Amino acid sequence: MMLIDSGIFNLLILLLILLMIWLICMLNHFLVERRRAVKILEMLIGIIEAGNPNLDGHSLHVHNLCMLMYEFLPYPCKLTIRPGDLHYASLLLDVGKLGIPSDILQKSGKLGNSEWEIVRKHPELALDILKGVPGMERIYSYILYHHERIDGKGYHQLTGDQIPLGARIIAIADTYSAITMNRSYKAYLSYVEAVAELKTVAGSQLDAKLVKAFCNIPMNKVDACLDDVRAKMERFYEDRKGAE
């Protein structure tokens, strides 16, 4: 079987992702087709992340958590956000990391200042990748601002409600996922420890009302999000290994 260089393989997957995004937009008004397209997009993202031990299904986990959070949002909040936009933005939040050197993304130790500056560019790189794809304009702000902080100390210094609701939801899911999934550079936290951490940064880093809503979700439903990812990533890892 012909072997494919890892860089070329990632590029091919990226092209497939862009094709799927275009198809999603074209078929957006057909619910069944949209669900099918999201599943394929999820598969492609999973195959990419299967090649990086510091991602390893992170985007899929964030996506699951975001959609779970949406179910438990107060009704007035649900009226201000489209679940389809949250689907796509949470899956694609880290697609810009395809533009970050792999030696930085897979580094087992602490990143240096210059390396962090490169990593911090991934939201802008994601927008560059998505630029020109019809229908994706609504999720640009969710992806670009998902590292903002309520206190204004984030990447772009937005504060409070200046940060789009979708971005604030993703920020909570992203934070919870980052501290509860295995990483080569740090130990993961349990559900109880992670929830305590979220409460500690509520009102400074994260939206306090949304953190409260997240913490009120039954633990078994939150844990099920990661169980689902682990099951899928086992399959995606085998798919990637077979293709490379």
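A crossing of two helices is termed right-handed if the near helix is turned clockwise from the far one by less than a right angle, and left-handed if the turn is anticlockwise. In the predicted model described here, the crossing of helices H3 and H5 is right-handed. The contact between the two helices involves Ser-59, Leu-60, Val-62, His-63, Cys-66, Met-67 and Tyr-70 on the H3 side, and Pro-83, Leu-86, His-87, Ser-90 and Leu-91 on the H5 side. By residue class, this contact comprises eight nonpolar and four polar residues, with no charged residue taking part.

Two packed helices are described by the angle between their axes and the distance between the axes. For H3, which spans residues 58–72, and H5, the packing angle is about 155 degrees and the axes lie 8 Å apart. Angles over 145 degrees count as roughly antiparallel, and H3 is therefore roughly antiparallel to H5.

Helix H5 itself covers residues 83–92 and is mostly covered, with eight of its ten residues buried. The buried positions are Gly-84, Asp-85, Leu-86, Tyr-88, Ala-89, Ser-90, Leu-91 and Leu-92. Leu-86, Ser-90 and Leu-91 are among the H5 residues that touch H3, and these three are also listed as buried.

At the level of the whole protein, the secondary structure consists of 13 helices and zero strands. The order of elements along the sequence is accordingly written α-α-α-α-α-α-α-α-α-α-α-α-α. Of the 244 residues, 48% are buried. Among contacts with a separation of 6 or more, 69% are made by residues 24 or more positions apart.

The relative accessibility of Pro-164 is 18%. Since buried means under 20% relative accessible area, Pro-164 counts as buried at this value. When neighbours within four places in sequence are left aside, the contacts of Pro-164 are with Ser-141, Tyr-142 and Tyr-145. Between Pro-164 and Leu-144, which are 20 residues apart in sequence, the C-alpha to C-alpha distance is 10.0 Å.

Methods:
Residues are numbered from 1 along each chain as its sequence is written. This is a predicted model: local features need pLDDT of at least 70, side-chain atom pairs count only at pLDDT 80 or more; totals for chains, interfaces and linings use all residues. Side-chain values use heavy atoms; hydrogens and water are left out. Buried means under 20% relative accessible area, exposed over 50%, partly exposed in between (1.4 Å probe, protein chains only). Helices (H or I, at least four residues) and strands (E, at least two) are DSSP runs, numbered from the N terminus. Axes are lines fitted to C-alpha atoms, for helices over the stretch in contact, and angles run from 0 to 180 degrees between N-to-C directions. Angles under 35 degrees count as roughly parallel, over 145 as roughly antiparallel, 65 to 115 as roughly perpendicular and the rest as oblique. Contact means heavy atoms within 4.5 Å. Ala, Val, Leu, Ile, Met, Phe, Trp, Tyr, Cys and Pro count as nonpolar, Asp, Glu, Lys and Arg as charged, and the others, Gly among them, as polar.
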